[in-house]
Amino acid sequence: MPTVKGDGMRGLAVFISDIRNCKSKEAEIKRINKELANIRSKFKGDKTLDGYQKKKYVCKLLFIFLLGHDIDFGHMEAVNLLSSNKYTEKQIGYLFISVLIGANNDLMKLVIQAIRNDLASRNPVHITLALQCVANIGSREMAEGLSVDIPKLLVSGDTIDSVKQSAALTLLRLLRSSPDIIPMGEWTSRIIHLLNDQHMGVVTAAASLIENLVKKNPEEYKGCVSLAVSRLSRIVTSSYTDLQDYTYYFVPAPWLSVKLLRLLQNYPPPEDPAVKTRLTECLETILNKAQEPPKSKKVQHSNAKNAVLFEAINLIIHMDSDPNLLVRACNQLGQFLQHRETNLRYLALESMCLLATSEFSHEAVKKHQETVITALKTERDVSVRQRAVDLLYAMCDRTNAEEIVGEMLEYLESADYSIREEMVLKVAILAEKYAVDYTWYVDVILNLIRIAGDYVSEEVWYRVIQIVINRDDVQGYAAKTVFEALQAPACHENMVKVGGYIMGEFGNLIAGDPRSSPLVQFQLLHSKYHLCSPATRGLLLSTYIKFINLFPEIKHTIQDVLKSDNNMRNSDVELQQRSIEYLQLSSIATADVLATVLEEMPPFPERESSILAKLKKKKPNSVPDGSEQKDQMPKLPTAQMSNSSDSAQPTSINLMSQGESSTDDFLDQGSPAASGAASASVDLLGLGTPTQTTAPPVGGGDGFLVDMFDTLTTSSPAPATNGMDLGGLTGGAEEAFKKFICKNNGVLFENDLLQIGVKSEYREDLGRVWVFYGNKTSFQLNAFCVDISTPGDLATSLSVQQKPVGGEVEAGAQVKQQFNMACVQEFTDAPILNIQFMYSGAQQKINLKLPVVLSKYITPAEMDSGNFFGRWKALSNPSQESQQIFKASAPIDIETTKSKLLGFNVSVLDNIDPNPENFVSAGVLHTRNQQVGILVRLEPNKQAQMYRLTVRASRDRVAKILCDLLQSQL
């Protein structure tokens, strides 16, 4: 700030002194009120106030505001100061406006006009003050009003260097707050050439601006690559004496170097051989300088030097094309693994995780395996230990899998609680991916449960069951091993679950040994029964009924258990129901029927591992994307719907599910078939793979049709009626529609004649919906006709394509119809499905809402705290926000609420909100013409059983629509 002679304001100094001398809060308030009254009278009564007086009084108001008092006048006087030609008066005016005038203030138009006048002046001090004010406020209105002036100022040849710096940074601020307003197309080439500017300060500011522009439109700014490489080369090859004004502790221009290296990471390796060679020379020079003795012992020197080095290594990893550079980078990082500075060890481990995914440097990373294992065991900082776990996971392959898994298992017993769950997931994935002998895999998983049972998620034990069922060679060993594990006095509940499932399926393989006879197996499992939760007890009851099929000799013993009051009159309805049904099944059914119903589970289809999906969701960056890590692993099966009207052969029934099923759940929560339910990233109904019919053909003359959605709902059928509600919909259609807002599959409608199921998938703005019509009668449904209507203006907002469906539905048969739905713009209504058919000479009509809502076209978005709150503040217009406070429809449960948000297709971001009880979510709504950012904040109050839901969106109306939809689910 320039020094101006006679700049002191004696009245302000006296006032501040008086405030500081006040002995109490009351005395301070009294003095402030007296001063406010004096200032108010001066502004109102004295028309001859000169610029100095106005400046002094505005300064006092600013000081009072900074003390925490509200200021409701003086704003106009501050705006008037902007027209002054004196630096100090203009400075105070801009300072007051930056602090006290908000983006939506009525005076903003006057302020923008004053700023425009100053930007057009030839006084660089006035221009800089105006730019600083714009950068401080950065409102949308300012971006609109100054979208031409600031870029023009930046690229003008008459603009001095200091003003160019300020203009570049101000433009960057406006681009971050209002990226859609600033038209940069006409300035592209001139802004890129700022990288060639003689003034290093201008180049540094321009590098930040260009990097932001490149992320939004890389193709338009690809000309910056050669200029960035050229500038980087000049910096790297220069001596610290060549850039004296921009050398920091003997490191030439470290901040600019880092910015240029980051800028180049937005593009693939240069295609021009000359540019590529020059860039390679720059990176080699940086690696060479890292080996030189330090020119200073001060920490600032090493920090600056290492900052450039790590950014260069990140660029080498990003390019992933030069084996020599990758190996050199790995060796350089290896030297930091035992460095005394904790931050360097952390960064080295983090960067080596990325290097491990490259085919060129993977072997070089493996050479440091012993050092990483030592760090895992001896490192005092838990964050460094976590990075060591990540690196071991990344460097693992078939040659070292057993050693790494063994070391991780050994460390797991003493591991920090904050990293145990993640370690369990990674050990389970590595054991499965690199298992040559699946008996080793079984041993590893059982050890996991023994060592860290509380941290073994359901996906892990679901997964081991699927592996065992799919591989005949390991079933006997698994049954024997789990039988021995259950004999331990203290046995984790997850071990009981695994034991119950495997012994229920394959207990017969070890029954020949008197030490594991059928009765011994049953008694061993039942000894754990009273210690388990209701869900596990339900699984054990299913095991008992399987035992009756496997071992008829212990049928009566098991029936006695099922008959006991502890089960038949259990307070848990699910256990009571299972006991009664299993007892009746074992008593009434013939041996053949029992053998068919309780047949061994068939092999599960090969799909992506739900454990890997959970790890990706928990830590997206911790799962490397290298070729070795991209191998698709099978996943547990999920409930499937028929995609064909053809009948299938009868299949065995999975009786191992636990917990009561409901229409709010995709799958029974305790079943291995529900393995994907815990993770939103898992394809729950196999939408990407062909599905198979699971309903057996109709048998007998009673017209009985097995419920193809049996795992999705237990709701009782609606009566066969054509009753319509006031909206012209079939009774109960509205309630059924709401259940699909947070799920994509299930039963939409059912009566005595027809069962209608829905299965859907969405990719950005495109959606496919399959509707399944199942004839529950023993007669043909004739004149079967389906029509879809779009009420109101839905036809312009949602593009609907309907595939035809046949005119008859045979008795007990099921037909499928496909609808393609493309979201053109936001909408509130849903399409209406009008179904008509003839049954016994009478016409039947069913009108339903097809569950297609705006939230289906959202994809989750991940972001950190800074990005979230930056975008949250940017969406501050009233039309961009919708908030509701309402009573919870059910007792508030954290996991249930989280699953609702995930079903709503938004991410659940951890460690964002200061209150850990609150939920913070983000997503992107895809329409045909644009993408709309969505931010959600949900604040539950468990004591009052109420929610406060706030939704912000970058497009008007969208927030209100989504807020209403989500509120209906909570």
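1. F43, Y57 and F73 form one aromatic cluster. Here rings of Phe, Tyr and Trp (its six-membered ring) count as a pair if their centres lie within 6.5 Å; planes under 30 degrees apart are called stacked, over 60 edge-to-face, and the rest tilted. The structure holds 20 aromatic pairs.

2. Basis of the note. The model is predicted, with local features requiring pLDDT of at least 70 and side-chain atom pairs counted only at pLDDT 80 or more, whereas totals for chains, interfaces and linings use all residues. Residues are numbered from 1 along each chain as its sequence is written, and side-chain values use heavy atoms, with hydrogens and water left out.

3. Aromatic pair F15 and F63. A pair of aromatic rings is described by the distance of the centres and the angle of the planes. For F15 and F63 the centres are 6.1 Å apart and the planes stand at 85°, so the pair is edge-to-face. The two residues belong to distant parts of the chain, 48 residues apart: F15 is in helix α1 (residues 10-20) and F63 in helix α3 (residues 51-66). Helices (H or I, at least four residues) and strands (E, at least two) are DSSP runs, numbered from the N terminus. F15 is buried, at a relative accessible area of 0%; buried means under 20% relative accessible area, exposed over 50%, and partly exposed in between (1.4 Å probe, protein chains only).

4. Aromatic pair F784 and F837. These two rings form a stacked pair, with 5.8 Å from centre to centre and 25° between the planes. Because F784 lies in strand β6 and F837 in strand β9, the pair ties together parts that are 53 residues apart in sequence. Both F784 and F837 are buried.

5. The sheet that contains β6 and β9. Strands β6, β9 and β10 make up an open sheet of three strands, in the order β6-β9-β10 and with antiparallel pairing. Its edge strands, β6 (782-789) and β10 (842-849), each pair on one side only. Neighbouring strands of this sheet are turned by 15° against each other on average, direction ignored; the axes are lines fitted to C-alpha atoms, for helices over the stretch in contact, and angles run from 0 to 180 degrees between N-to-C directions.

6. Two strands pair if DSSP finds at least two bridges between them. Six bridges join β6 to the antiparallel strand β9 (residues 832-839), and N782 has M838 in β9 as its bridge partner. Eight bridges connect β9 and β10, again in the antiparallel sense; L848 in β10 is the bridge partner of L833. A hairpin is formed by β9 and β10 with two residues between them, and S840 in the turn has a positive phi of about 55°.

7. Salt bridges. Side chains of opposite charge can pair when their charged atoms come close. The criterion is a side-chain nitrogen of Lys or Arg within 4 Å of a carboxyl oxygen of Asp or Glu, and the structure holds 38 salt bridges. One of them joins R140 and D180, at 2.8 Å from N to O. This pair links distant parts of the chain, 40 residues apart, with R140 in helix α8 (residues 140-145) and D180 in the loop between α10 (161-177) and α11 (188-192). R140 is partly exposed, at 34% relative accessibility, whereas D180 is exposed, at 54%.

8. Further charged pairs. In the salt bridge of D473 with R471, the closest N and O atoms are 3.6 Å apart. D473 is exposed at 54% relative accessibility, and R471 is partly exposed at 32%. R578 and E574 meet at 2.5 Å, N to O. Both lie in helix α32 (residues 573-588), four residues apart, which is about one turn of the helix. R578 is buried, with a relative accessible area of 7%, and E574 is buried as well, with 15%. Elsewhere, salt bridges that share partners join D18, R31, E35 and K60 into one network.

9. Charges over rings. A charge sits over a ring if NZ of Lys or CZ of Arg is within 6 Å of the ring centre and within 35 degrees of the ring normal. The charged end of R537 lies over the ring of Y529, 5.4 Å from its centre. For K743 over the ring of F740, the distance to the ring centre is 5.2 Å.

10. Surroundings of S351. This residue is found in helix α18 (residues 342-355) and counts as buried, at 6% relative accessibility. Leaving aside neighbours within four places in sequence, S351 is in contact (heavy atoms within 4.5 Å) with F310, I313, N314, I317 and L333.
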